[in-house]
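Hi,

Here is the structure I promised to pass on. Have a look at it first, and my notes follow below.

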Amino acid sequence: MTTSEILKELRIKNGLTQDEMAERFNVTCQDVSRWENGETAPDIETLKQISTACNISVSTLLCSPRKLYCQCCGMPLNDTNISREPDRSFNEDYCKLCYYNGTFTYKNMDDLISFLTTHMSSKDFPPDQARLYFSEAIPRLRYWQQKQDTQKTEH
């Protein structure tokens, strides 16, 4: 689907006319028509408003131009598991298990690795192999790198 098709589908799904959608997002009816015809696209602030109001990520509105992964645990992200900020906007850096309502769940990497090892290991991915994998992968994610950089500057 294209961005124009997604926007039109969202408008119809929400039972809005082009006039009503224009009013809701402080744009003109012609703007909405141009979006739906693929002539233009909403600016980033309007995309954020649509994202929050329609419960869809900006990435999805833009036809998923990039694969998103939680920068804390590495889980692939989609519209059902992306975290939200306190203002209900999506935070496309984290899953809702790692970051919820402005607060991080895991402050200690060992706790996260233990959780993942317990819940992700299986007969084909035994706990020792899972722990080794997560111990190598998790420190490469942005959240943990930034946390480590912050700790270095504090000392």
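**Aromatic rings and a hairpin**

Both Tyr143 and Trp144 are buried (under 20% relative accessible area, with exposed over 50% and partly exposed in between; 1.4 Å probe, protein chains only). Before you read on: this is a predicted model, where local features need pLDDT of at least 70, side-chain atom pairs count only at pLDDT 80 or more, and totals for chains, interfaces and linings use all residues. Residues are numbered from 1 along each chain as its sequence is written, and side-chain values use heavy atoms, leaving out hydrogens and water.

There are ten aromatic pairs in the structure (rings of Phe, Tyr and Trp, the last by its six-membered ring, with centres within 6.5 Å; planes under 30 degrees apart are stacked, over 60 edge-to-face, the rest tilted). Tyr143 and Trp144 make one of them, edge-to-face, at 4.6 Å centre to centre and 80 degrees between the planes. Ring pairs also join these two with Tyr94, Tyr99 and Phe104 in a cluster.

Now for the strands (DSSP runs of E, at least two residues, numbered from the N terminus). Strand 1 (residues 82-84) pairs with strand 2 in the antiparallel sense over three bridges; pairing takes at least two DSSP bridges. Ser83 sits opposite Asn91 in strand 2. Five residues lie between the strands of this hairpin, and Arg88 has a positive phi near 80 degrees there. Strand 2 (residues 90-95) has five of its six residues buried, so it is largely enclosed by the rest of the structure.

Cheers

How values were computed
Helix = DSSP H or I, 4+ residues; strand = E, 2+ residues; numbered from the N terminus.
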